[in-house]
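Trainee: Could you take me through one part of this model closely, and then show how that part sits within the rest of the assembly?

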Amino acid sequence: MIEVTDLETCFSTGFIRRRVVRAVDGVSFRIEEGETLGLVGESGCGKTTLGRSILRLVEPDRGRIVVDGTDVTALSRSELRCFRPRMQMIFQDAYTSLNPRMRVRESVAEPLKIHRMGSRTDIDRRVRELIEEVGLNEEHLNRRPYELSGGQNQRVVLARVLALKPRFLVADEPTSALDVSVQAQILNLIRDLGHDYRMTCLYISHDLGVTRAMSSRVAVMLEGRIVEIGRTADVLDRPSHPYTRRLVDASLTGPCASLERLPLPAAPTTVEVRSGHWVEETV
Amino acid sequence: MHKKIVLAASLGIVFAYCAVALLAPVIAPYDPHAITGAPLSPPDRDHLLGTNDLAQDIFSGLIWGTRATLLLGFVGAAIAVTVGTAAGIVSGYYGGLIDEAVMRLLDVAMTIPIFPLLLILTTFFRPGIYLIAVLMGLLGSFQGVRLIRSQVLSLAVADFVVGTRALGAGDGYIMARHILPGVLPLAGVKFVTSAQHFMLIGIGLGFLGITDPSVVDWGQMINRASQNGAMILGLWWWLIPPGLAVTLISLALAWLGYACEDEINPRLRVMRV
Amino acid sequence: MTGDALLEIRGLKVGFPTPEGLVRASDTVDLEIYPRETLGLIGETGSGKTVLGMAILRLLQPNTIIEGEIRYRGRDLLSLPEAEMQRVRGREIGIVLQNSGTSLNPVYTVGTQIAEAVILHQGLSGPDARQRAVELLDAVGIPDPVRMAGEYPHRFSGGMRERALIATALACRPNLLIADEPTKGLDAVTKRGIVDLFSEIDRDHSVLFITHDIETAGDLATRVAVMYAGEIVEIGGAEEVLGDPAHPYTRGLLASLPERGMQPIPGSAPSLITLPSGCRFSPRCGCAVENCSREHPGLVEVGSGHYARCMLYD
Amino acid sequence: MNGIYLLKRLITSFAAFCIAVTIMFALLRLMPGDYITMYLEAIYRYAPPDVVEAFNRVYGLDRPILEQYVIYLLDAFRGNWGYSFIYKVPVIAVIGEKLVWTLIILFPATILATLAGIGIGAYSGWRRGSKADVGLLNGMIFIRAIPSYWLALMILIIFAYYLNLFPLGGYVDTSALATGIDPLDVANHAVLPILTLFLFSVTGTYYLMRNTMLMTAGEDYITTARAKGLDELTILRKHALKNAMLPMVTLITFECAGMITGSIFVETIFSWPGLGMLTYKALAARDLPLLQGILLIDTLFVIAANIAADLIYPLVDPRVQVGDDA
């Protein structure tokens with residue numbers, strides 16, 4: 001369903017003295033139809049950039065991305081715009097993901113209007129359907145983001161994204177700004193709707209508990225590279241890469257052996273330690 | 001409460017000026033250029049504010065002068081804000097080389113002092129009032145570009161903009177529907193403060209003798225009065241009214257601008273507990 | 001145990017006047033903190049936990065309405081003159097504020113900012129105070145403390161800034177340390193480091209550890225208080241409260257953790273302006289009976305030193 | 001220090017100067033009639049055609065326009081800014097003489113306005129919402145709204161005409177003809193112009209200082225400082241003021257450019273013999289070479305102020321190394 005090959009995204013800062021930061025550094029992976037791949041790593045490891053690069057919200061410098069049989073990297077700008085409904089994204093902070101000046105009704109109707117999906121009454125009906133699907137009701141349609149709680153805003157974001165019936169969803173820490181009691185509501189909602197809409201999902205998080213609950217496979221990212229990937233239980237219960245071990249240790253209670261910065265090999269090779277469980281070799 | 005009164009008063013003054021400008025031919029008792037009686041006569045029933053050294057009716061001059069003042073302020077501000085907003089949005093939204101080019105251009109433009117340049121250009125072109133307004137608007141748009149651009153920069157990377165792009169919206173749609181509404185309040189404040197600024201500058205130009213001979217302007221009136229000894233002779237009706245008229249509209253716009261700024265940036269708000 | 005508490009809060013009410021109405025951020029809170037204990041204060045967004053911490057040091061906005069008593073070693077902090085309160089801040093009670101990213105002044109070096117408190121309260125000379133700052137940075141686990149003391153905050157990573165703030169708060173060896181969400185926004189590894197730091201730093205003082213993170217509170221606290229909508233709904237020993245929670249809200253909170261089944265609490269927290277009548281949790285509570293929405297329950301002892309604010313135990 | 005950044009600044013300044021010169025060159029070329037004819041008429045009241053031709057040859061006005069432009073540009077950099085129509089001496093000499101007089105009032109007014117604006121603005125912002133703050137704010141908005149020429153006139157009427165405290169204008173008393181220029185006498189004449197320029201400038205500084213102070217007062221590090229047990233005055237002085245100073249540096253440079261504008265009106269009304277008065281006279285006589293010179297000297301003023309700000313900024317804010325794009 002999703003195939004990412006050798007993806008590389010760099011940022012350059014400064015106009016005259018350019019400094020290049022390689023945020024995503026040669027990443028390859030596949031996500032099967034209907035599957036959720038978890039992506040974990042510390043802040044600044046490049047996981048957000050990876051998510052945005054796959055949707056070409058940030059232009060990758062190198063590599064190939066195939067979504068649902070279409071080579072996204074080869075699309076022209078206008079082709080890309082038409083293809084966008086098939087792949088969507090939700091962000092960490094629901095409040096900033098919605099235009100503060102727009103009412104919920106306008107925000108949810110916006111994708112339908114952009115892609116001219118139906119007449120005005122069709123759109124109106126669809127908006128009402130969607131808002132109920134995400135567990136809100138018609139009353140909320142006339143509110144603005146600041147009149148809703150964080151959880152309710154994230155529901156609106158979901159409704160807006162689902163309006164396009166995407167095949168692929170990148171969820172970038174959608175619950176890390178929420179309280180646990182609300183987080184559980186949203187996580188359940190994403191899981192259920194993902195199932196109903198038969199979505200393939202890349203679930204980015206730094207919380208191993210959430211990742212375990214949401215994804216069947218997990219990829220561990222460190223300094224722009226995927227250092228370990230495999231079935232969630234395999235990777236998190238029997239981590240093979242020292243960095244994964246450190247992540248797992250940190251999330252457990254009780255004392256943990258703190259690791260110094262890991263020396264990374266210049267030309268990494270990846271080995272399969274178990275079926276479908278790949279690990280980058282360390283020096 | 002106090003704030004609302006001030007706001008209402010300033011709006012009232014602005015509207016009153018607009019009304020006077022529109023109805024000038026009806027309100028003004030005389031043609032402001034016509035000789036209407038004895039020169040330098042003090043206020044009386046025929047001449048509410050007396051006459052000047054050319055025996056022109058000062059009250060009528062004051063009424064007709066409203067037109068030039070408002071025109072200079074509002075036309076200039078409209079041009080400055082439109083140019084500033086458009087350039088600021090394009091520069092901030094697209095970023096990259098376009099932005100870099102606009103910013104470097106601004107750096108250069110803002111190093112050249114605007115007022116002396118305006119003086120030279122207006123002197124040279126022997127200006128009509130519209131030309132003065134346009135020149136002021138164009139030269140005054142640079143600051144607006146900076147202001148709007150910096151706001152656009154933060155809007156352009158906001159999640160809701162990235163999210164809308166992910167929905168498949170084009171750049172034009174995003175700029176019109178998400179970026180422009182976001183900067184409009186700021187542009188509105190800029191319009192009010194620019195209008196005030198341009199009125200002061202426009203009348204200042206008149207004071208320095210740069211003026212459209214076909215219109216009456218208050219700057220010219222003040223200049224004439226102060227250069228011809230109105231102060232020494234104690235002819236207050238000649239010197240004081242045009243200055244008060246500018247000050248009043250300027251004050252009204254300043255208050256209006258402040259109230260608007262207060263509205264869009266609550267951190268500047270003065271708490272009245 | 002009342003007499004020997006280091007800090008005793010009685011009937012604390014904190015309200016913020018807003019155009020929409022009075023926000024009752026904290027409502028009749030009673031709390032004691034004993035010497036050398038770590039009290040974990042758990043609560044979600046808008047439960048009033050941060051306000052409680054700030055109220056102790058009187059760091060809230062001047063127009064805040066505060067009622068009740070906050071007794072520190074017998075003295076009521078709320079009625080102290082401002083000058084005396086300044087001697088309590090930093091010296092007797094230290095605080096680590098939320099948002100470590102913006103809590104250090106960007107134009108001074110970290111060393112200078114730590115030394116400032118030492119010079120003020122302990123009368124050390126400049127060089128001695130700087131030496132002390134370096135020692136403190138070393139103690140909170142900042143590598144190369146001599147060099148880092150001379151660096152500006154923007155050169156510190158998130159975790160390092162949090163450590164520097166902890167060092168600032170500990171600089172004058174206060175008897176009570178209030179830590180407001182020191183692990184918020186940090187990723188797992190960095191968070192772990194901060195939690196470990198809190199369990200290692202010297203144990204001569206008490207800690208009020210404010211957090212929304214139940215697991216972190218469980219790791220560090222000897223006693224735990226749970227806040228909901230401005231009230232303490234459950235308080236007791238950490239093992240009792242988190243191992244065998246009595247209040248339905250605490251139970252719901254634990255059950256909603258991804259590791260424990262991810263069972264959400266329905267609905268969302270009430271607005272602090274229009275609070276529900278009766279038990280504030282009743283609209284979301286699975287065990288609510290008719291009476292719950294009418295009568296406001298008090299704290300009931302459900303075990304030794306373990307109290308819950310719930311009708312179930314009346 | 002980042003050399004590349006300074007280089008960029010120099011290039012920008014260079015470009016600005018060139019553009020200012022180019023505008024003047026274009027205007028002089030576009031001017032109706034012949035430059036030399038007009039020039040000679042201005043100086044000698046008539047212009048014999050053969051003399052005009054000779055001048056055109058000597059000054060290269062018969063050469064291709066591009067070549068003329070290059071010569072013009074080079075001359076501008078050499079300080080050869082032409083001859084003033086009205087004074088009939090090199091523009092740069094006139095400007096040099098008048099600049100001193102302008103600086104006599106501009107310098108104290110700017111320093112005073114900056115210091116007072118920072119002080120009052122900081123106080124006002126720190127005590128936000130207090131009676132003092134509201135009063136100061138309203139007063140400043142009021143002063144700011146009064147046009148500078150009007151303000152100057154009113155000050156002249158009140159202090160010089162009615163109260164008779166200061167002279168009505170000029171820079172020395174008539175007795176100076178006999179006794180020579182007395183610095184005290186000049187100072188006495190300078191008081192009102194300085195006061196006007198001060199009022200004209202102080203509001204901007206105040207306004208920005210108050211705004212940045214309001215922002216700063218809500219910052220978390222101010223709460224941290226309070227939590228350390230520092231008293232309010234120390235927090236204001238050590239923590240708030242230094243941070244709030246950052247935008248001030250930029251403002252003050254803008255203010256410098258604005259002050260020259262202000263001085264045109266103030267000097268005209270007080271008959272102060274500086275650059276502003278010169279501008280007024282040049283405008284009245286349509287003395288384009290002189291106006292060009294004034295534009296160029298103002299441009300140099302702004303360039304100098306900008307470079308000064310660039311150098312000061314990193315001293316105030318450690319996060320800014322010269323070279324960060326703002």
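This is a predicted model: local features need pLDDT of at least 70, side-chain atom pairs count only at pLDDT 80 or more; totals for chains, interfaces and linings use all residues.

Mentor: Leaving aside its neighbours within four places in sequence, Leu208(B) is in contact with Phe115(B) and Leu119(B) from chain B, and with Ile264(D), Phe265(D), Thr268(D), Tyr280(D) and Leu283(D) from chain D. Leu208(B) also belongs to the largest nonpolar core, a set of 127 residues, where it is listed with Phe115(B), Ile95(D) and Tyr149(D) among those with the most contacts inside the core. Helix α12 of chain B, residues 236–264, supplies the largest share of this core, 12 residues. As a general matter, nonpolar side chains in soluble globular proteins tend to be buried together.

Apart from this core lies another, of 39 residues, which includes Leu162(A), Val182(A), Ile186(A) and Met199(A).

Chain B and chain C, by contrast, are joined by no contact, and their closest C-alpha atoms lie 8 Å apart.

Chain B also meets chain A, in a contact that takes 25 residues from chain A and 20 residues from chain B. The area buried between these two chains is about 1900 Å², with carbon and sulfur atoms giving 55% of it. Between chain A and chain B the count is 3 salt bridges, and one salt bridge joins the side chains of Arg77(A) and Asp171(B), at 2.9 Å from N to O. Across the same interface there are 12 residue pairs in polar contact, both residues being at pLDDT 80 or more. On the side of chain A that touches chain B, the elements giving two or more residues are α2 (77–83), β6 (87–90) and α3 (104–114), and the largest share, 4 residues, comes from α3(A). The residues on that side of chain A divide into 11 nonpolar, 5 polar and 9 charged.

Within chain A, finally, helix α9 (residues 242–251) is mostly covered, with 7 of its 10 residues buried, among them Tyr243(A), Arg246(A) and Leu247(A). The buried residues of α9(A) pack against several elements of chain A, including β3 (36–40) and α8 (232–237), together with α7 (188–200) of chain C.

Technical notes: Residues are numbered from 1 along each chain as its sequence is written. Chains are lettered from A and ligands numbered from 1 in the order in which they are written. Side-chain values use heavy atoms; hydrogens and water are left out. Contact means heavy atoms within 4.5 Å. Buried area is the accessible area (1.4 Å probe) that two parts lose on being put together, summed over both. A salt bridge is a side-chain nitrogen of Lys or Arg within 4 Å of a carboxyl oxygen of Asp or Glu. A polar contact is a pair of N or O atoms within 3.5 Å; within protein, one must be able to donate a hydrogen and the other to accept it, and residues adjacent in sequence count only if both atoms are side-chain atoms. Ala, Val, Leu, Ile, Met, Phe, Trp, Tyr, Cys and Pro count as nonpolar, Asp, Glu, Lys and Arg as charged, and the others, Gly among them, as polar. A nonpolar core is a set of buried Ala, Val, Leu, Ile, Met, Phe, Trp, Tyr and Cys residues joined through side-chain atoms within 4.5 Å. Buried means under 20% relative accessible area, exposed over 50%, partly exposed in between (1.4 Å probe, protein chains only).
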